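The exercises below are meant to be worked with the sequence and the coordinates side by side. Try each task before reading the solution that follows.

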Amino acid sequence: KYAAAWPREAARSSFSPSRRPALGFEIMSIHIVALGNEGDAFHQDNRPSGLIRTYLGRSPLVSGDESSLLLNATSTVARPVFTEYQASAFGNVKLVVHDCPVWDIFDSDWYTSRNLIGSADIIVIKYNVNDKFSFHEVKDNYIPVIKRALNSVPVIIAAVGTRQNEELPCTCPLCTSDRGSCVSTTEGIQLAKELGATYLELHSLDDFYIGKYFGGVLEYFMIQALNQKTSEKMKKRKMSNSFHGIRPPQLEQPEKMPVLKAEASHYNSDLNNLLFCCQCVDVVFYNPDLKKVAEAHKIVLCAVSHVFMLLFNVKSPADIQDSSIIRTTQDLFAINRDPAFPGASQDSPGNPPLRVVVKDALFCSCLSDILRFIYSGAFQWEELEDDIRKKVKDSGDVSSVIEKVKCILKTPGKINCLRNCKTYQARKPLWFYNTSLKFFLNKPMLADVVFEIQGTTVPAHRAILVARCEVMAAMFNGNYMEAKSVLIPVYGVSKETFLSFLEYLYTDSCCPAGIFQAMCLLICAEMYQVSRLQHICELFIITQLQSMPSRELASMNLDIVDLLKKAKFHHSDCLSTWLLHFIATNYLIFSQKPEFQDLSFLKILVEERSFVEKHRWPSNMYLKQLAEYRKYIHSRKCRCLV
């Protein structure tokens, strides 16, 4: 029953407590990692103590009370995933055992678990022969992890318990597994062969099986681990004693890179402010008595609702194909194009706002709250319900208004997508679920301004530009020619960069294709004073450079010094400071590039060159010490320790 041909006589005679390894004068430690659950899933009430706890409490090699051996998992702050046992063995050897019975706990802190397995001297895998689920958990989960981290560490597989109600395995050639509920000896031995482990069967956790079998094998591997550690320490001591002259220089760590914090998004607040500032208004709502109720923007309304898309002819009924949306549009709104309309605005006679009459009086009384809900990103559903209840007292009327709002926010073809709005809003704002502003990016639908770039045209919407960019807000609302012109030329920016800039204004996100495009987008953002987009581009450039290995940095064609000059010229202080640290940290790579000489010749970069030389890594002092040490080593014909 032993995969490693373990003689019982050797287990009885070779591991007596009187045997002591040659430990020297230093206190040494042995780390054991125990994985798996040896408890019986069908007899939890009469389950004996665990394998590790029984060994520590009964082994004559382990000193100390049983109460002092056990530590709670919560008390082990450094490694909360495992239960830690500590004891003394062989008199002066510190024994540390980390026990993890459940795979979910092991997998919850993969970094700690991997480090523990990598630093283990002995690994114990345990399971109950009557718990086949526990065995498959060990086989499917623990074993692949141990194979990856295993580095000539002895492994003990302990099958605990006496098999009950064991059935004979199926001998049918078409059946590859047994029908029994117990784990057979063959399965345990096969698992041990996969790991080159020692297989033990412990029918009960008494003195016989713990002392003669499990304890003997474990103590043998403990002695082997102590002897190996002792020999390694002796080798290190001999190597250190052979060098009484110059010690190898210590390479200091490079300076930490400055941390660049991204600016928080103000996307929803920008669009919400657009509702209150009343700039670029192109639609006005009236109540059934033809009194003005609210002003709004077609582009924002259409970005959230297909009802408004249908109302403003962005989509046709054939495109939507949803009878509830079509019916809601016809029942709630009506467009009035009568030139003699009593509430017509005369502010912009050339292109007056569209007049929309709200047919439902209750819905119209709550329209200002509904618009505020839409402009704020359509995710403050509870606040909208409270506002509607304050204005509409009757509960039936409240439900009617809320259902109309849900229909406005509905996606065509989906029936119950807004049935539970509270849970729905917690997952994702409706702004991004339904039609977003990206649908109108570089599209002529509802566009009221056209940019001319490199001989091509890019349509856009003044309301979004004014809400998201202060420079464009001043340009369209001030005494500039752009305020009255539809066609606006753009210079100094490529079409691809300007489209990426507009994509950020419309969607609050961007994804540059590379470092060069990110730098162009940063320059465009600086030109229009969009600070958050600048930070996003800076983070993108920093992330790309940090992810490059040294070989790629040495072979790439990107001019880092030119990147530094552009960052300084366009007032990107965070990026320029980080690039200086990056050049200094990779000094040996960048000092070999031709553009590195520009740091000395260009007057605007004199301070930068002095900074790089001062903070270079490795430092000149270390290189001098390393040269002296190498000279000393070659003169003595010794082996270098570096």
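**Exercise 1.** Which residues in α26 meet which residues in α27?

Solution. The structure is a predicted model, in which local features need pLDDT of at least 70, side-chain atom pairs count only at pLDDT 80 or more, and totals for chains, interfaces and linings use all residues. Residues are numbered from 1 along each chain as its sequence is written, and side-chain values use heavy atoms, with hydrogens and water left out.

Start with the two elements, helix α26 (residues 560–569) and helix α27 (residues 573–585); helices (H or I, at least four residues) and strands (E, at least two) are DSSP runs, numbered from the N terminus. Taking contact as heavy atoms within 4.5 Å, one finds Ile560, Leu563, Leu564, Ala567 and Lys568 on the α26 side, and Leu575, Ser576, Leu579, Leu580 and Ile583 on the α27 side. Sorted by class, this contact has eight nonpolar, one polar and one charged residues, where Ala, Val, Leu, Ile, Met, Phe, Trp, Tyr, Cys and Pro count as nonpolar, Asp, Glu, Lys and Arg as charged, and the others, Gly among them, as polar.

For the geometry, axes are lines fitted to C-alpha atoms, for helices over the stretch in contact, and angles run from 0 to 180 degrees between N-to-C directions. The crossing of α26 past α27 is left-handed; a crossing is left-handed if the near helix is turned anticlockwise from the far one by less than a right angle, and right-handed if clockwise.

**Exercise 2.** At what angle do α22 and α23 pack, and which residues make the contact?

Solution. Helix α22 (residues 495–507) and helix α23 (residues 515–527) have axes 9 Å apart and pack at about 65°, and that makes α22 roughly perpendicular to α23. The crossing is right-handed. Glu496, Thr497, Ser500 and Phe501 of α22 make the contact with Gln517, Cys520, Leu521, Cys524 and Ala525 of α23, and by class these residues are five nonpolar, three polar and one charged.

**Exercise 3.** How do the axes of α13 and α17 cross?

Solution. The axes of helix α13 (residues 323–332) and helix α17 (residues 395–408) come within 10 Å, and their crossing angle is roughly 120°; the pair is therefore oblique. The handedness of this crossing is left-handed. On α13 the contact involves Ser324, Ile325, Thr328 and Leu332, and on α17 it involves Lys404, Cys407 and Ile408, which divide into four nonpolar, two polar and one charged.

**Exercise 4.** How many residues of α15 are buried, and what follows this helix?

Solution. With buried meaning under 20% relative accessible area, exposed over 50%, and partly exposed in between (1.4 Å probe, protein chains only), seven of the nine residues of helix α15 (residues 367–375) are buried, so that the helix is mostly covered. The buried residues are Leu367, Asp369, Ile370, Leu371, Phe373, Ile374 and Tyr375. After α15 comes Gly377, with a positive phi near 110°.

**Exercise 5.** Which two residues does a cis peptide bond join?

Solution. The bond lies between Trp617 and Pro618, with omega about 0°. Pro618 is in the loop between α30 (606–614) and α31 (620–636).

**Exercise 6.** What is the mean pLDDT of the protein chain, and where does pLDDT stay under 50 with one contact beyond four places in sequence?

Solution. The mean pLDDT, the predictor's confidence in each residue from 0 to 100, is 79 for the protein chain, and 79% of its residues reach 70 or more. Over residues 1–25 the pLDDT is below 50, and this stretch has 48 contacts in the model beyond near neighbours in sequence. The stretch asked for is residues 345–349.

Conventions
Angles under 35 degrees count as roughly parallel, over 145 as roughly antiparallel, 65 to 115 as roughly perpendicular and the rest as oblique.
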